[in-house]
Amino acid sequence: MKIEQQNGGRERNILIGMIVNDMVLGRVASRWDGSLFAGKPANTLAGLCVDYYRSYAKAPRKNIVNIFAIWSEQNQDEESIKFMDGFLSGLSNEYEMSG
């Protein structure tokens, strides 16, 4: 299973679903190979969600903030941290605007 990118919309919607929906995350987690998405940031975020799902059998929802904070502490690349922060904030804004 490969997730195609169409202006990022489909990929971003799936990532939002992985963060907030147990069923979406469970389906992706069952096929997760570490590189289902087109970009590294999307795969990194998806991997964090899959790890959470495998530990707790549910989507991280608001816990994604804590998960990201832990990831940030372990990551030494400030540019990657900044980019991922903006990426995650953008997803959050899209989710809030859709609901």
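This is a predicted model: local features need pLDDT of at least 70, side-chain atom pairs count only at pLDDT 80 or more; totals for chains, interfaces and linings use all residues.

Visitor: Which residues of helix α4 are buried?

Guide: An α-helix has 3.6 residues a turn, so residues three or four places apart point the same way. In α4, which runs over residues 64–74, the buried residues are Ile64, Ile67, Phe68, Trp71 and Ser72. These residues lie on the same side of α4, because the arc they cover around the axis is only 140 degrees.

Visitor: What covers the buried residues of α4?

Guide: The cover includes three helices, namely α1 (9–20), α3 (40–56) and α5 (78–98).

Visitor: At what angle do α1 and α5 pack?

Guide: Their angle is about 85 degrees, and their axes are 10 Å apart; since angles of 65 to 115 degrees count as roughly perpendicular, α1 and α5 are therefore roughly perpendicular to each other. From α1, the residues Arg12, Leu15, Ile16, Ile19 and Val20 meet Phe87, Leu88, Gly90, Leu91, Glu94 and Tyr95 of α5. By class, this contact of α1 with α5 has eight nonpolar residues, one polar residue and two charged residues.

Visitor: How many helices and strands are in the protein chain as a whole?

Guide: The protein chain has five helices and zero strands. Its radius of gyration is 13 Å, close to the 13 Å that the globule rule gives for 99 residues, so the chain is as compact as a globular protein of that length. Of those 99 residues, 39% count as buried.

Key: Residues are numbered from 1 along each chain as its sequence is written. Side-chain values use heavy atoms; hydrogens and water are left out. Buried means under 20% relative accessible area, exposed over 50%, partly exposed in between (1.4 Å probe, protein chains only). Helices (H or I, at least four residues) and strands (E, at least two) are DSSP runs, numbered from the N terminus. The arc is that of the directions from the helix axis to the C-beta atoms. Contact means heavy atoms within 4.5 Å. Axes are lines fitted to C-alpha atoms, for helices over the stretch in contact, and angles run from 0 to 180 degrees between N-to-C directions. Angles under 35 degrees count as roughly parallel, over 145 as roughly antiparallel, 65 to 115 as roughly perpendicular and the rest as oblique. Ala, Val, Leu, Ile, Met, Phe, Trp, Tyr, Cys and Pro count as nonpolar, Asp, Glu, Lys and Arg as charged, and the others, Gly among them, as polar. The radius of gyration is taken over C-alpha atoms; the globule rule is 2.2 Å times the number of residues to the power 0.38.
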